[in-house]
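Here is my note on the model you sent. Please read it with the structure open.

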Amino acid sequence: MARPTKPRSIRRFPASTTYQPLDQGARESAVEIGYDEFEALRLTDVEHMSQEEVAQMMDISRQSIQLMLQTAREKLTRALFEGQTILIGGGHIEVYHCPYICLDCHQSFSIPATDPTRDCSACGSANTRCNSDAFCALHCQIEVQSPQEKP
Ligand SMILES: [Zn+2]
Ligand SMILES: [Zn+2]
């Protein structure tokens with residue numbers, strides 16, 4: 001029996017999962033981009049992380065990242081070029097859980113990275129921080145700031 005591949009760790013879902021050209025209407029054909037492929041693109045092209053870092057964050061090999069980026073970019077570009085519908089979904093994924101620590105009661109707990117809630121599961125305090133890698137900690141801290149605090 002073949003060993004099932006490890007799920008790819010993702011931290012965000014796209015805002016929309018279906019894209020169609022406005023000027024031409026829908027074509028019969030559609031391309032499908034997995035959530036894992038999309039996450040690899042996001043971390044590389046939007047967060048400007050190295051393939052090494054992305055591989056570490058998604059818990060897969062650098063070769064797999066390289067292959068995923070290559071296929072995903074080709075699919076996206078082809079879809080745009082040919083006016084195809086783009087569907088984002090599927091893939092062998094699991095949502096990354098941030099290891100949180102409460103700065104008030106020192107309780108450790110985990111929160112799915114896609115969950116906007118950051119409150120302590122024990123005392124309800126909002127004075128918490130993500131204890132994960134530097135990138136995630138930064139990202140999680142940015143998320144808990146109120147919009148007024150942004151420059
Ligand atoms: Zn985090
Ligand atoms: Zn607490």
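Predicted model: local features only at pLDDT ≥ 70, side-chain atom pairs only at ≥ 80, totals over all residues.

The points below go from the sheet to the core and then to one helix.

1. Side-chain atom pairs count only at pLDDT 80 or more.

2. Three strands form an open sheet in the order 7-6-8, and the pairing is antiparallel. Strand 7 (108-112) and strand 8 (128-130) are the edge strands. Each has a single partner strand, so one side of each lacks a neighbour in the sheet. From one strand to the next, the twist averages 35 degrees.

3. Strand 6 against strand 7. Strand 6 covers residues 97-102 and is joined to strand 7 by five bridges, running antiparallel. Check two partner pairs here. Pro99 is bridged to Ser110 of strand 7. Tyr100 has Phe109 of strand 7 as its bridge partner. The hairpin of these two strands has five residues between them. Within that hairpin, His106 has a positive phi near 65 degrees.

4. Strand 6 against strand 8. This antiparallel pairing of strand 6 and strand 8 has three bridges. Ile101 finds its bridge partner in Arg129 of strand 8.

5. Faces of strand 6. Which residues make up the covered face of strand 6? They are Cys98, Tyr100 and Cys102. His97, Pro99 and Ile101 make up the uncovered face.

6. Core. The largest nonpolar core has 21 residues. Ala40, Val54, Ala55, Met58, Ile65 and Cys98 touch the most other members. At least two residues of this core come from each of helix 1 (35-46), helix 2 (51-58), helix 3 (62-82) and strand 6. Both domains take part: domain 1 (8-93) and domain 2 (97-149) each give at least three residues to this core.

7. Helix 2. Its buried residues are Val54, Ala55, Met57 and Met58. Why do they sit on the same side of helix 2? They span an arc of only 165 degrees around the axis, which puts them on that same side. The cover over the buried residues of helix 2 includes strand 1 (8-10), helix 1 and helix 3.

8. After helix 2. Asp59 follows helix 2 and has a positive phi, near 65 degrees. Neighbours within four places in sequence aside, Ala55 is in contact with Ile60, Ser61, Arg62 and Ile65. Ala55 and Ile65 are both among the core residues that touch the most other members.

Definitions and conventions: Residues numbered from 1 in each chain as written. Chains lettered and ligands numbered in written order. Pairing = 2+ DSSP bridges. Helix = DSSP H or I, 4+ residues; strand = E, 2+ residues; numbered from the N terminus. Axes fitted to C-alpha atoms, helices over the stretch in contact; angles between N-to-C directions. Core = buried A, V, L, I, M, F, W, Y, C linked by C-beta atoms within 7 Å. Buried ≥ 20, exposed ≤ 12 C-beta atoms within 10 Å, placed from the backbone. Domains from an automatic or database assignment. Contact = placed C-beta atoms within 7 Å. Arc of directions from axis to C-beta.
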